[in-house]
Amino acid sequence: MNLSQQWLAMLCMLIAMMAYQLSASYAKYLFHVLDPTSIVVLRLCFACILVGLMLRSWRMLKQLHTIQWGSLLCYSLSLGCMNMLFYHSLVLLPQGIAVGLEFIGPLGLALFAVKKKTDAIWVIFAIVGIILLMPWSDYDGISWLGVILALSAGVFWALYIYFGQKVVRQNLGMHSLTLAIGLAALMWLPVGLVNHAAGILNPQFWGHAIGLALLATAIPYALDLYALKFLNRLTYGTLTSLAPALAALTGLILLNEYLTLLQWVALFFIMLASIGITVRNNYQK
């Protein structure tokens, strides 16, 4: 691997992260005309189609009888709940805060793998970040319900990673993502139809849903696949740690969501904990 390939891989990953944050801002803009539940249902439905086409997942049909359905269903449930809770948290929280709190999920999963007591410093940084993000006063612009929703989304993000590692080892490989998104869409579709059938079945919103599916799923997934070919775990994990800051900047530029100095400090602590634990895990292996 040459240096130019590594730099291109890093650029692809940053673009992937920005595409995902743009999708979150786009979703918040759509909240004025469509409720979060309907947006999640439409996004999952079209994401399933796009990812299926991108991976040519129809080739897996003859292997369906070998699936370990327990892990796949847990993976799908985690994916669906993660998206639903996160989008509902965006209604109540600035985008940077929602992403920062949700990021606690995968960060917590990594912290559980810590074996040395000296690494407790990263746990402390994460805890301080969470405490500083709490709406202790009326001037924070966030709500406790939003915090609970974002943290819950983070829990399901951690479960999504945990069960995803199990599912991807099956003979379906990455085609399991198509199945997981499809099952998550089927899981929430009845809820969405009961909640707002007129919105989901209205073709005028389908173009927006396709845009969200591209920005939040197809584009990040394709670029991530390329980046993972050339980046080691340390570089990949460190770049991923920038997500809360990118979310806050995107919310500031596109949605005029201003954060307090204390909230920026909180996001910094969370990112520092993530970078620290990424470096430590890399050197322990």
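Me: Which helix gives the most to the nonpolar patch?
Reply: This is a predicted model. In it, helix 11 gives the most to the nonpolar patch, with 3 residues. The patch consists of L22, L249, I253, L254 and W264, and together they have about 460 Å² of accessible area.

Me: Why is L22 called partly exposed?
Reply: Its relative accessibility is 34%. Buried means under 20% and exposed means over 50%, with partly exposed in between, so L22 counts as partly exposed. L22 is in helix 1 (residues 3-30).

Me: Why is I97 called buried?
Reply: I97 has a relative accessible area of 0%. The cut-off for buried is under 20%, so I97 is buried. The residue is in helix 4 (residues 95-102). Leaving aside neighbours within four places in sequence, I97 is in contact with L133, I142, L259 and Q263.

Me: What makes N256 exposed, and where does N256 lie?
Reply: At 54% relative accessibility, N256 is over the 50% cut-off and therefore counts as exposed. N256 lies in the loop between helix 11 (243-255) and helix 12 (261-284). Although N256 is not a glycine, its phi is positive, about 55 degrees.

Me: How do you know that helix 8 falls short of the span of a straight helix?
Reply: Helix 8 (residues 175-200) has 26 residues, and at 1.5 Å a residue a straight helix would reach 38 Å. The end C-alpha atoms of helix 8 are only 26 Å apart. Helix 8 also bends by about 80 degrees at V194.

Technical notes. Residues are numbered from 1 along each chain as its sequence is written. This is a predicted model: local features need pLDDT of at least 70, side-chain atom pairs count only at pLDDT 80 or more; totals for chains, interfaces and linings use all residues. Side-chain values use heavy atoms; hydrogens and water are left out. Helices (H or I, at least four residues) and strands (E, at least two) are DSSP runs, numbered from the N terminus. The expected span of a helix is 1.5 Å times one less than its number of residues. The bend at a residue is the angle between axes fitted to the seven residues ending there and the seven starting there. Buried means under 20% relative accessible area, exposed over 50%, partly exposed in between (1.4 Å probe, protein chains only). Contact means heavy atoms within 4.5 Å. Patches are made of residues with over 30% relative accessible area and no salt bridge: like charges are joined within 9 Å, nonpolar side chains (Val, Leu, Ile, Met, Phe, Trp, Tyr) within 5 Å. Accessible areas come from the Shrake-Rupley method with a 1.4 Å probe; for residues, only the protein chains shown count as cover. A salt bridge is a side-chain nitrogen of Lys or Arg within 4 Å of a carboxyl oxygen of Asp or Glu.
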